[in-house]
Amino acid sequence: MAKTDLNIPSLGDKFIDLRDSLPGDAYTWSWERPLSQINYLAIHHTGVENQTPSQIANSHITANGWGGIGYHFLIDKQGFVYYTGDISTARANVANLNEQVLGICLIGNFVSGEVPSQEQLDSTHKLCEFLISYSELSNVKSWDKVRGHTELPNQSTPCPGDNWPSWRIQIVEGVSLVFNTPSPNSKSQVDSLQTSLAYVNQQVFTLQEALQEKDKEIMELKKSQPEIARPKDATLTIVGALINLYKFLIPPGKEM
Ligand SMILES: [Zn+2]
């Protein structure tokens with residue numbers, strides 16, 4: 001019997017340990033393994049909508065004749081993560097490679113345009129993030145260890161569905177980063193750029209006013225001394241160039 005308890009703070013009460021209550025045996029399998037033997041976090045889909053963890057366990061026991069559920073984790077559409085098979089047991093969810101994987105199964109059938117819910121993806125990201133940081137999983141230390149079932153060596157299955165390439169990124173990057181709000185870092189960068197732009201706008205306005213004043217002075221001088229051709233004021237040339245540069249960089253209508 002193997003018993004590895006997990007505490008995943010990022011999932012809070014969305015992490016539910018079902019090892020004691022599911023049909024079948026969550027703590028024993030044909031063989032146990034050191035956690036260092038695990039090389040991949042294998043992502044699956046059930047291929048069936050709306051199954052409960054108990055129904056999935058029961059089908060593995062009755063239809064497949066196994067001692068318990070084949071997956072280590074199940075994740076439902078509300079983002080609840082169920083711990084179903086102890087990670088120290090090699091269970092049954094891939095062909096000829098079970099001793100090297102942790103099987104993480106998302107409940108649903110992700111074919112023909114169907115994809116996991118945002119809650120489901122967010123929780124999968126948090127679970128994988130925790131497992132990658134879990135020190136005893138010494139060979140699962142980067143996100144490229146997260147593989148769709150079909151991507152593992154010598155598997156002939158479309159699992160976890162034909163849309164997998166489109167939602168894999170949300171597991172790797174995290175849903176909030178990809179879809180919802182900018183990260184605190186990128187938000188502060190935008191704020192900083194907007195402040196800079198407001199400052200530049202103010203400077204240009206001041207320069208335009210100064211230019212208009214100088215124009216008036218020139219007109220006055222020309223009126224009083226029409227016969228004298230005066231060389232252009234160097235200051236005005238610089239101010240004019242700055243304004244042209246500003247107009248070039250920020251055409252009308254493109255201001256933030
Ligand atoms: Zn699979």
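Predicted model: local features only at pLDDT ≥ 70, side-chain atom pairs only at ≥ 80, totals over all residues.

Me: Let's zoom out. How many helices and strands are there in the chain?
Reply: The chain has six helices and six strands. Going along the sequence, the pattern reads β-β-α-β-β-β-α-β-α-α-α-α.

Me: And in what order do the strands sit in the sheet?
Reply: The order is S1-S4-S3-S5-S2-S6, in an open sheet with mixed pairing. S1 (15-17) and S6 are the edge strands, each pairing on one side only. From one strand to the next, the twist averages 25 degrees.

Me: Which strands does H2 touch?
Reply: H2 packs on the sheet and touches S2, S3, S4, S5 and S6. Its direction makes about 165 degrees with that of S5.

Me: How many residues does H2 have, and how far does it reach?
Reply: H2 has 16 residues and reaches 23 Å from first C-alpha to last, close to the 22 Å expected at 1.5 Å a residue. Its buried residues include Leu121, His125, Cys128 and Leu131.

Me: New topic: what's in the largest nonpolar core?
Reply: That core has 38 residues, and those with the most contacts inside it are Leu41, Ala42, Phe73, Leu74, Leu102 and Ile104. Among the elements that give two or more residues to this core are S2 (40-45), H1 (53-62), H2 and H3 (164-173). S5 supplies the largest share, five residues.

Me: What is leucine 41 in contact with?
Reply: Leaving aside neighbours within four places in sequence, leucine 41 is in contact with Leu102, Ile104, Cys128, Leu131, Val140, Lys145 and Val146.

Me: And the chain as a whole, what share of it is buried?
Reply: Buried residues make up 29% of the 256 residues. As for contacts with a separation of 6 or more, 75% of them are between residues 24 or more positions apart.

Me: I clicked on isoleucine 107. Where is it, and is it buried or exposed?
Reply: Isoleucine 107 lies in the loop between S5 (101-106) and H2 (118-133). It counts as buried because it has 25 C-beta neighbours inside 10 Å, and the cut-off for buried is 20 or more.

Me: What does isoleucine 107 touch?
Reply: Not counting residues up to four places away in sequence, isoleucine 107 touches Thr46, Gln51, Leu74, Ile75, Asp76 and Lys77.

Me: Which residues have a positive phi without being a glycine?
Reply: Asparagine 50 is one of them, with a phi of about 60 degrees, and serine 112 is another, at about 50 degrees. Asparagine 50 sits in the loop between S2 and H1, while serine 112 is in the loop between S5 and H2.

Me: Why does serine 112 count as exposed?
Reply: Serine 112 is exposed because it has 8 other C-beta atoms within 10 Å, and 12 or fewer makes a residue exposed.

Me: Last one: where is there a cis peptide bond?
Reply: A cis bond joins cysteine 159 and proline 160, with omega at about 10 degrees. Proline 160 is in the loop between S6 (146-148) and H3.

Methods
Residues numbered from 1 in each chain as written. Helix = DSSP H or I, 4+ residues; strand = E, 2+ residues; numbered from the N terminus. Contact = placed C-beta atoms within 7 Å. Expected span 1.5 Å × (residues − 1). Core = buried A, V, L, I, M, F, W, Y, C linked by C-beta atoms within 7 Å. Pairing = 2+ DSSP bridges. Axes fitted to C-alpha atoms, helices over the stretch in contact; angles between N-to-C directions.
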